[in-house]
Amino acid sequence: MEGKKVVIQGLGNVGYYTAKFFQEAGEKAKNIKNTTDALEIKCDILIPAALENQININNASNIKAKIIGEAANGPVTPEAEEILLKKGVMIIPDLFLNAGGVTVSYFEWLKNLSHVRFGRMGKRYDELVATTLVDSIEKSVGKFLDPKSKRIILHGADEEDLVNSGLEETMIHAYNEIRETWKKNKKIHDLRTAAFVVAINKIADSYIALGIFP
């Protein structure tokens, strides 16, 4: 993210944490009182995280972002999307970008089914393996890790670590599926359409597996 300018509209749950993580990555923050004006600032990434229809036919031609990440539900109208796509703007659709909450809810459902928290079965074993490995390396080289680094290595993954790891893997895999569908089909011109195609195909595959379709 070094050298990139990011504009975020809206500081609810999604917008707040998006801003927080970007700032922690080294971004300098500046507050803009008129959130409508914020949409038209020249930037690398624009994240509308407030209300729907914020980018519409009236202001689409004024949008100067290279990438729009739809953090709100439906922040870009269909008419505005046509204008933006013709300008070469990449739009990451809300149905993908907002899937994180649903994904983690699914993890929670799996956890409730098993009545066992994530990481409980393997945590102690992983810590034992890490401890043995670090001790062996320290003895071999005759030097010792500093306490902070050693603590991080030996800590082992807790439940939050595993959920974050699973979420990251799920989102990366989903994006790669969408992008591959987009790039392989010349009739698909944007990520939103590709995401719909991927989703519909998955539903069809499930129906066929269940024997609903012949």
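Trainee: With which residue does arginine 192 form a salt bridge?

Mentor: This is a predicted model, in which local features need pLDDT of at least 70 and side-chain atom pairs count only at pLDDT 80 or more, while totals for chains, interfaces and linings use all residues. Residues are numbered from 1 along each chain as its sequence is written, and side-chain values use heavy atoms, with hydrogens and water left out. A salt bridge is a side-chain nitrogen of Lys or Arg within 4 Å of a carboxyl oxygen of Asp or Glu. The closest N and O atoms here are 2.8 Å apart, and the partner of arginine 192 is glutamate 70.

Trainee: How many residues apart in the chain are arginine 192 and glutamate 70?

Mentor: Arginine 192 lies in helix H9, whereas glutamate 70 lies in the loop between E3 and helix H3 (78-86). These elements are DSSP runs numbered from the N terminus: helices are H or I with at least four residues, strands E with at least two. The pair links distant parts of the chain, with a separation of 122 residues.

Trainee: Are arginine 192 and glutamate 70 buried or exposed?

Mentor: Buried means under 20% relative accessible area, exposed over 50%, and partly exposed in between (1.4 Å probe, protein chains only). Both arginine 192 and glutamate 70 are buried.

Trainee: Which residue forms a salt bridge with glutamate 177?

Mentor: The closest N and O atoms of this pair are 2.9 Å apart, and the partner is lysine 202. The two lie 25 residues apart, glutamate 177 in helix H8 (residues 159-184) and its partner in helix H9. Glutamate 177 is partly exposed at 23% relative accessible area, and likewise partly exposed, at 44%, is lysine 202.

Trainee: How many residues apart in sequence are the parts tied together by lysine 66 and aspartate 44?

Mentor: The side chains of lysine 66 and aspartate 44 meet in a salt bridge at 3.3 Å, N to O. Lysine 66 counts as exposed at 54% relative accessibility, whereas aspartate 44 is buried at 15%. Because lysine 66 lies in the loop between E2 and E3 and aspartate 44 in the loop between H2 and E2, the parts tied together are separated in sequence by 22 residues.

Trainee: How far from glutamate 27 is the nearest side chain of opposite charge?

Mentor: Glutamate 27 lies in the loop between helix H1 (13-24) and helix H2 (35-38). Charge is assigned by counting Lys and Arg as positive and Asp and Glu as negative, without His and the chain ends. Glutamate 27 is buried yet has no salt bridge; the nearest side chain of opposite charge, lysine 4, is at a distance of 8.3 Å.

Trainee: How many residues has the largest nonpolar core?

Mentor: A nonpolar core is a set of buried Ala, Val, Leu, Ile, Met, Phe, Trp, Tyr and Cys residues joined through side-chain atoms within 4.5 Å. Among the residues with the most contacts inside the largest core are Leu46, Ile55 and Ala65, and its residue count is 15.

Trainee: Which residues does asparagine 62 touch, not counting those up to four places away in sequence?

Mentor: Asparagine 62 is placed in the loop between E2 and E3 and is partly exposed, with a relative accessible area of 32%. With contact meaning heavy atoms within 4.5 Å, asparagine 62 touches Glu40 and Lys87.
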